[in-house]
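Subject: Structure handover

Hello,

Here is the structure I promised to pass on. Please open it first, then read my notes below.

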Amino acid sequence: MISYPFESIPAEGEAIEVADGVLWMRLPLPMALDHVNVYALRDDSGWTIVDTGFDTAAARAIWARLRAGPLQGLPINRVIGTHHHPDHIGLAGWFMESDGAELMMSRTAWLMARMLQLDAQERPPRQSVDFWRRAGMPADILAKRMAERPYNSADVVHPLPLGFTRMSEGQIVSFGRRRWRVAMGDGHAPRHLTFWSQDDHLVIGGDQLLPSISPNLGVYPTEPDADPVGEWLDSCNRMAALAQPDQLVLPGHKLPFTGLPTRLQQLIDNHHGALGRVVDALKKEPRSAVGCFDILFKRKIAAMEFGLALVEAVAHINHLRLNGAIRAVDERDGAVFWGA
């Protein structure tokens, strides 16, 4: 059974103590998922911060209030980036410069974050356009995107200085006056860090362990044949061996929760159900990846969500294709149509 021990959420610039020396805070995001959770864990001489929010003027102002208030003006000794996405590492470089903070990430996450931060584009490259067209992006949306400056990580991520501390699978690390076992997940982001306390029942889940919503599992032009759905299912099954009902999970979004074994099974079942629905639909008629939106999401996709929906639809198509459940049967205006 899943339960939520905290009925209220932290007000902007304030914190809720969720365990001894562990503060839960929130930073705003300018999107449908309008917040990211960040955590501060008290060390002997300061704080370890888990995730940071975007690098924006508003986020920096909120951090200034947090540092003067709940963080008591103490230094940030360490920043942990659970994964490479900008809402989680946007201000990591800022803390490194302001406080001399140590940055702890997986090697793959650090490489991804630094590569994306350095790769600013004024227009989408040809590979992106071809990828969108192949997935079945409608011509009007494709033309609009081709004429626009794409989303760039550099717009919301402070430059990352050279040098970080690498976290590895199975490693035992100490911060926040606790020992933690590192377990890595894949699917939402490569080599995503989760931390499992060896001294109490805390789990830091990032976006790998979310309640009530499923993390986006996306395929991108950088690796068009990737199988994040398969990696995600494998990760959930591995973490099920560590999960206990009474663990308090601190997620990257939404509310801290207990009942992790149930939640992991829900996440697994959710994607198996989606895959089954796609196969059943493709038995009746060929569809492009975008043509599977209604089957996968069971609702109308808004313009703001279109990009994330496309990469997740391609992810489910890739998984089925790589497992031999579907194959390409047609091509129309550059879009591939799939049949079971």
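The sheet comes first. Seven strands make up an open sheet with mixed pairing, in the order β1-β2-β3-β4-β5-β6-β7. The edges are β1 (16-19) and β7 (165-167). Each has a single partner strand, so one side of each is left without a neighbour in the sheet. On average, neighbouring strands are turned by 30° against each other, direction ignored. Keep in mind that this is a predicted model.

Strands β4 (residues 47-50) and β5 (residues 76-80) run parallel and are joined by four bridges. Tryptophan 47 has isoleucine 76 in β5 as its bridge partner.

Two helices go with the sheet. Helix α3 packs on it and touches β5 and β6 (102-106). The direction of α3 makes about 160° with that of β5. Helix α4 (residues 107-118) lies across β6 and β7. The angle between α4 and β6 is about 105°.

Next, the rings. The structure contains eight aromatic pairs. One of them joins tryptophan 63 and phenylalanine 95. Their ring centres are 5.0 Å apart and their planes stand at 85°; edge-to-face requires over 60 degrees, so this pair is edge-to-face.

What does that pair tie together? Tryptophan 63 sits in helix α1 (residues 57-68), and phenylalanine 95 sits in helix α3 (residues 92-99). The pair therefore links parts that are 32 residues apart in sequence. Tryptophan 63 and phenylalanine 95 are both buried. Trp63 and Phe95 also form one aromatic cluster with Trp94.

A further aromatic pair is made by phenylalanine 175 and phenylalanine 195. It is edge-to-face, with 5.4 Å centre to centre and 90° between the planes. Phenylalanine 175 belongs to strand β8 (residues 172-175) and phenylalanine 195 to strand β10 (residues 192-197), so this pair ties together parts that are 20 residues apart in sequence. Phenylalanine 175 is buried, and phenylalanine 195 is buried too.

Last, charges over rings. Which ring lies under the charged end of arginine 42? That of tryptophan 47, with the charged end 5.7 Å from the ring centre. Tryptophan 47 is also the residue bridged to isoleucine 76 in β5. Elsewhere, arginine 145 lies over the face of tryptophan 132, 5.5 Å from the ring centre.

Best regards

Key
Residues are numbered from 1 along each chain as its sequence is written. This is a predicted model: local features need pLDDT of at least 70, side-chain atom pairs count only at pLDDT 80 or more; totals for chains, interfaces and linings use all residues. Side-chain values use heavy atoms; hydrogens and water are left out. Rings of Phe, Tyr and Trp (its six-membered ring) pair if their centres lie within 6.5 Å; planes under 30 degrees apart count as stacked, over 60 as edge-to-face and the rest as tilted. Buried means under 20% relative accessible area, exposed over 50%, partly exposed in between (1.4 Å probe, protein chains only). A charge sits over a ring if NZ of Lys or CZ of Arg is within 6 Å of the ring centre and within 35 degrees of the ring normal. Two strands pair if DSSP finds at least two bridges between them. Axes are lines fitted to C-alpha atoms, for helices over the stretch in contact, and angles run from 0 to 180 degrees between N-to-C directions. Contact means heavy atoms within 4.5 Å.
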